[in-house]
Amino acid sequence: MAQKSPKIGLVLKGYPRLSETFIAQEILELERAGFDIEIISLRHPTDKHTHPVHGEIKAIKSYLPEYLYQELWRVSKAKLSCLPKIGFWKASGVFLKDLLRDPTPNRIRRFGQAMVLAHEYASKKDMLYVHFLHTPGSVARYASIISGKPFAISAHAKDIWTIPEWEIREKLADCEWLVTCTEGGADYLKSLSDGKVHLVYHGLDLARFPENPVRASEKIGDTKENAVRLVTVGRAVAKKGLDTLLDAMSHLPEDLHWQWTHIGGGPLRDDLMEQAKSLGIFDRCEFKGALPQSEVLQTYCHSDVFILPSRIDESGDRDGLPNVIVEAQSQRLPVISTNISGIPELIEPGANGVLIQPDDVAMLTAEIERLSRDAGLRKVMGEAGNEKVRAKFSHKQTIGELVSLLNMTLSRNQF
C-alpha cells in the first residue's frame, strides 16, 4: 500500500502574483519533494499574466472570503462549526487581546477568514504553512489554535519590519518555526524568539535562467546608436527608490547616451512617469508594467546595467534580498543597489556590483556613469555575479532545509 503524501495547507495573501515568483518556485519544489499542497489565498489574483512556473504547479487553489460581508453565509457556517471546539474559545481570547491592541476592521476580517480556514481546510491537512508574518500569519495562527493543527511561517521583508514587536513575539511563541530570507531579518527575529528562527535564502531555478552567452556588451554610451541600456525590475512603490533613480538619471552628462527600462506595476507608476516628463527624460524611459518571466528574462539579456536603489520607507517597509537582483546577476548583469537589508549578502562592492547609501542622488549618478562608460568593468562584475548566484543561490541548494523543517513538524505531530 502506497504511503500517503503529507497534506499541507499553504496560506498566502494573494495567488498567483507576478511579483512573488519565489513563492511559486518554492511551491513547485515542495510538490516535487512529495508534499500534497493546497494553496489557500486570502485574496483573488489581480495580475493579468502568470509565469510559466504557475502552470507547472498542480496544487488546488482555494480562496477565503476576501471581504466577510460578501460571503456571510460561508462565514456563519464556519462559525457554527467552530463554536463547539475548545480551540475556538481559546482563539477568541487571543483574537480579542489582539483586537484591543489593534482595533481595526482588518483584524476582524482576519478572524473571520481564520474560522473559514479552520472549518473548510485545516481539518483535512496535516499542518499549515504560511507565507508572510503579518496578515496571513494572523489568519493561520487563529486557524491553528481553533483546529489544533500546527503552523509554520515564512517571513520576508515588509511583514517583519512593519508590525509591532508584541505581535511578532506572540506568533513566534505559537508557531512551530519560522524561516526568513536575509541575515538581517533573521537576526532581528531571533532577538524576539526562543530559537525557532532559521535563515533560508530564496533559491533561483537556474534552469529558467540559463547563462546568457551574449553578455559582453561593448556599449559605452558615446553615441545614440551605442546607448547603454539600463534596467530596473520592481514594483513602483516607495521602498524601491525609483524616484531617486529618475533624479539621478536626469543628472547624467549630456554626452552619455542611455535608455532605461522599468518592468513592474504598482501604485506609483503614474507618478514616476509624470516625474520623468517633468525632468525632461521621458523619451529615454520605457515603462513596461508587469511582464511574464520570459519577457523579463529577454530584457535582462539585452541590458547592460541593473539598478535598484532600495530604501527604508516612512512606514519602515524595506526590501529583503530582492529576487530580481539574483535574477539579474544570473544573466551576468552588474548591479547598482543600496547597502540595506539583505542586499549586501549578495552584492560585494567592487566585485559583482556597487552599493551606495539610499537616496544619494549624486553617488547614484556617478556610479551609473562609471559603469556605463566602462564595458570592461561591467563584464568583470557580471561574471562574478553569475558565478556567485550559481554557486550559492540555486533552488536545489536552498529547498533542502525547508523540506527538513516541514518533515520534522509532520513527524512530531504524528503524520
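## The largest pocket

The lining of the largest pocket divides into 16 nonpolar, 15 polar and 16 charged residues. This is a predicted model. The pocket has a volume of about 1,300 Å³. Its lining is made by 47 residues. Nearest the centre lie Ser19, Glu20, Arg235, Lys239 and Lys240.

Helix α13 gives the most, with 3 residues.

## The second largest pocket

The second largest pocket holds about 270 Å³ of space. It is lined by 19 residues. Lys13, Asn106, Arg110, His134 and Thr135 lie nearest its centre. The elements that give two or more residues to the lining are β2, α5 (105-120) and α8 (165-174).

Helix α5 gives the most to this lining, with 5 residues. By class, the lining has 5 nonpolar, 5 polar and 9 charged residues.

## The seven-stranded sheet

An open sheet is formed by 7 strands. Their order is β3-β2-β1-β4-β5-β6-β7, and the pairing is parallel. At the edges stand β3 (60-63) and β7 (197-199). Each has a single partner strand, so one side of each is left without a neighbour in the sheet. From one strand to the next, the twist averages 25 degrees.

Strand β1 (residues 7-14) pairs with strand β4 (residues 127-131) in the parallel sense, over 4 bridges. Ile8 stands opposite Met127 in β4.

## The six-stranded sheet

Another open sheet has 6 strands, in the order β10-β9-β8-β11-β12-β13. Its pairing is parallel. The edge strands are β10 (285-289) and β13 (353-356). Each pairs with a single partner strand, so one side of each is left without a neighbour in the sheet. The twist averages 20 degrees from one strand to the next.

Strand β9 (residues 258-263) is joined to β10 by 4 bridges, and the two run parallel. Thr261 stands opposite Glu286 in β10. Helix α10 (residues 242-250) packs on this sheet. It touches β8 (228-233), β9, β10 and β11 (305-308). The direction of α10 makes about 170 degrees with that of β9.

## Where α14 meets α15

Helix α14 (residues 361-373) packs against helix α15 (residues 375-392) at an angle of about 95 degrees. That makes α14 roughly perpendicular to α15. The helix axes are 5 Å apart.

On the α14 side, the residues in contact are Arg370, Leu371, Ser372 and Arg373. They meet Ala375, Leu377, Arg378 and Met381 in α15. By class, the contact has 4 nonpolar, 1 polar and 3 charged residues.

Terms used: Residues are numbered from 1 along each chain as its sequence is written. This is a predicted model: local features need pLDDT of at least 70, side-chain atom pairs count only at pLDDT 80 or more; totals for chains, interfaces and linings use all residues. Side-chain values use heavy atoms; hydrogens and water are left out. Axes are lines fitted to C-alpha atoms, for helices over the stretch in contact, and angles run from 0 to 180 degrees between N-to-C directions. Angles under 35 degrees count as roughly parallel, over 145 as roughly antiparallel, 65 to 115 as roughly perpendicular and the rest as oblique. Contact means heavy atoms within 4.5 Å. Ala, Val, Leu, Ile, Met, Phe, Trp, Tyr, Cys and Pro count as nonpolar, Asp, Glu, Lys and Arg as charged, and the others, Gly among them, as polar. Two strands pair if DSSP finds at least two bridges between them. On a 1 Å grid over the protein atoms alone, a cavity is a set of points where a 1.4 Å probe fits but cannot get out, and a pocket is an open set with protein on both sides within 12 Å along at least five of seven lines; lining residues have an atom within 4 Å of a point. Grid points are joined across faces, edges and corners, and a volume is the space filled by probe spheres set on the points.
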